[in-house]
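Subject: Structure handover

Hi,

Here is the structure for your files. My notes follow below it.

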Amino acid sequence: MTGKDSLELTPREKLRLMKSPVVEGSETGPEMPNLSEFGDRFTDTSIEFERHEEAGMLEVFTDLFFAANYVVFSKTQSVTSLERIGSYIGYFCMLWMTWLVVGLYDVRFVTDSIFERLVRAVHLGVFVGFAVVAPKFDPNDQHVASMRAMSLILMASRLSLTIEYASILWHVRKFKNVHIPFCIQMSIHFIAAMIYLGITFRFDDQKDSRVFIAWYVVGAIEVLSTFGLSAFYSVLSLTRTHLMNRMSLLTIVILGESIVVLADKVIIIVEGPDAWAGIATTYMVFLIYFDWMKTAYLPPLRQLLWTVLHFPFHLALVLFMQGFTQFIQWSKVIDVINNLSTNWLVFDTDRLPRATSEMVKENMTEELNEFFETYHPQYSDTNDLISEALENITDIPNAFWPKLAKYILIEDYFLPNDSTTDLFFSIIGAIETAMENSVFSTFEIDLEGEFIKESEEGGGIDENQTDAQFAAQVTEDTWDRYNLVFTYGYIAAGLCLGLMVILSVVARVTPWKPWPVIRTIIYLLLALAMGLLALLNLNEDKLESYLNTPWLLPTLCIAWTVVLILTHIRHDAPLFFRKHGPLPLRRGSRENKSSDESEHAQPMVANMAEPTSYSGAAGMPYDYRPAPSSSGRE
């Protein structure tokens with residue numbers, strides 16, 4: 001039987017009730033070392049735990065639940081105001097910190113056993129609880145049941161972690177010197193759970209409570225304390241774990257879920273090129289991140305900094321993707337509105353002087369029917385508004401239409417300031433508002449539906465408003481939302497790129513040379529430029545001019561394309577630096593150069609008194625054996 005066949009027929013390890021992550025020697029294995037040579041297990045703190053290069057089954061499944069929660073909250077709590085942005089950040093903060101404290105346990109101690117699967121079911125239930133709470137989560141307008149449920153969910157998560165760390169303490173119970181670190185870690189999560197439980201009873205129907213801020217404070221203390229313990233106690237160390245792999249995997253999950261949302265928008269605007277620009281940009285963000293983050297392991301402090309920086313990076317990424325998908329919708333809306341082709345009689349200066357009010361009404365009715373076949377109004381009040389506006393056209397005297405033609409043709413001619421002029425412009429305004437709102441709802445920018453839902457829940461709409469006033473309010477608030485999406489989307493895009501640059505600097509393991517320094521500065525300038533574009537809000541005319549152009553998406557796509565191209569310009573570009581010929585090598589310079597430019601640090605040979613083997617650059621084994629002592633020579 002070949003070695004390959006033997007490997008394929010190896011039975012899978014039987015699932016146990018509990019499985020220890022501690023690496024121990026086998027008593028029956030003749031090739032295993034004698035553990036007694038490595039110290040007394042009752043006093044030695046250098047316990048070795050199993051380490052993995054990649055996330056396991058339970059970890060990946062947890063990441064998928066994280067992604068599901070992110071998608072649910074993004075759909076049910078879209079960013080529509082500054083207050084909603086605060087709620088979005090708060091929810092993501094709790095979700096991310098819950099994922100992280102669970103992940104910090106996983107990368108060090110998780111095993112596949114019946115016990116771990118049962119506890120994992122509790123953790124997955126916690127993430128389901130996040131999804132249940134998401135639709136009504138709003139700290140600024142608190143739904144008491146949802147806020148209490150959130151506290152209880154956080155408590156359940158931390159109690160589960162306490163139990164998991166207790167199980168590890170049981171596995172290392174014979175190593176007396178490592179009990180204190182695990183007891184401290186258990187205490188941190190247990191105290192946090194009790195605080196979350198206490199917060200539950202502070203929410204009531206009488207008034208909104210600001211006690212929810214304690215969620216964020218306690219969660220941040222948990223994370224920082226866990227990192228501190230890992231740096232202080234070697235038994236809790238995150239060194240040689242796959243923590244960086246988990247962070248990268250979560251980034252993939254967030255980008256993947258963004259692709260799902262993006263694909264959903266592509267269905268709506270499949271004929272537009274902006275959809276393809278959106279997909280290309282998301283793909284480039286993915287490529288750039290993994291081109292920059294190639295290091296699997298870092299020194300402890302740099303690894304902790306790299307991990308913590310992923311919180312603002314992931315937050316910026318989800319806000320960027322949230323805004324970016326809406327840019328695709330808005331680009332299509334702007335394209336439709338800017339390219340409306342209508343044959344309205346009121347704008348035809350050749351026929352208008354001979355027109356009657358009946359002719360104008362008939363013409364506009366035909367044009368509107370054709371328009372609404374494509375962009376069908378979803379709410380009855382829009383139809384009522386159109387019907388009312390068309391009926392009012394016949395109240396305009398026929399003598400008004402020649403004056404209107406003269407008003408359009410002659411710059412210095414003005415219409416009389418009377419009720420007929422006011423009626424005409426109110427009719428045109430109502431029709432244009434109804435058309436815009438129909439376009440908005442067709443591309444699923446549905447503020448009208450949100451207003452109607454709010455009115456059914458007991459607020460939001462003034463009952464004394466006419467259909468025209470309500471439609472005008474919807475239109476105005478929709479354009480305001482467009483401005484908000486542009487602002488936070490571009491700021492998030494700049495922050496996303498800037499934080500990626502900082503992460504790459506922290507993770508860099510090769511020496512800095514002139515071209516990488518200049519390239520990094522260019523990246524930061526591009527990130528700053530994207531963020532500063534949001535300052536167009538300070539000038540309403542320039543903002544409106546830019547938002548009505550087709551450059552909203554291409555601007556971001558071009559910026560990320562430049563970053564990707566610069567990423568793959570290797571070495572010192574001749575454009576900036578004079579290209580030198582080969583320099584004469586000094587003794588040992590080849591080895592030094594190879595060591596400096598390697599992507600990862602190579603292991604050092606510590607014990608040169610014993611035979612040692614290591615792998616060369618091509619994977620070939622090299623054996624080192626000490627030279628024979630002088631006493632052994634003949």
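Tryptophan 512 is partly exposed, at a relative accessible area of 41%. (Buried means under 20% relative accessible area, exposed over 50%, partly exposed in between, with a 1.4 Å probe and protein chains only.) Tryptophan 512 sits in the loop between α17 (467-507) and α18. Helices (H or I, at least four residues) and strands (E, at least two) are DSSP runs, numbered from the N terminus.

A word on the basis. This is a predicted model: local features need pLDDT of at least 70, side-chain atom pairs count only at pLDDT 80 or more, and totals for chains, interfaces and linings use all residues. Residues are numbered from 1 along each chain as its sequence is written, and side-chain values use heavy atoms, with hydrogens and water left out.

**Surface patch**

Trp512 belongs to a nonpolar surface patch of about 870 Å². Patches take residues with over 30% relative accessible area and no salt bridge; like charges are joined within 9 Å, nonpolar side chains (Val, Leu, Ile, Met, Phe, Trp, Tyr) within 5 Å.

**Whole chain**

The chain has 21 helices and 2 strands. Of its 634 residues, 44% count as buried. The accessible surface comes to about 34200 Å², with 59% of that belonging to carbon and sulfur atoms. Areas come from the Shrake-Rupley method with a 1.4 Å probe; for residues, only the protein chains shown count as cover. Take contacts (heavy atoms within 4.5 Å) between residues at least 6 apart in sequence: 81% join residues at least 24 apart.

**Salt bridges**

The whole structure holds 8 salt bridges. The criterion is a side-chain nitrogen of Lys or Arg within 4 Å of a carboxyl oxygen of Asp or Glu.

Arginine 246 pairs with aspartate 63, the closest N and O atoms being 2.8 Å apart. Arginine 246 lies in helix α8 (residues 243-268) and aspartate 63 in helix α2 (residues 57-76), so the pair ties together parts 183 residues apart in sequence. Both residues are buried.

Glutamate 222 and arginine 158 also form a salt bridge (2.8 Å, N to O). This one links helix α7 (residues 213-232) to helix α5 (residues 144-171), with the partners 64 residues apart. Glutamate 222 is buried at 1% relative accessibility, and arginine 158 is buried at 2%.

Arginine 351 bridges to aspartate 348, again with closest N and O atoms 2.8 Å apart. Arginine 351 is partly exposed, at 35%.

Finally, shared partners join Glu59, Asp63, Asp106, Arg120 and Arg246 into one salt-bridge network.

Best wishes
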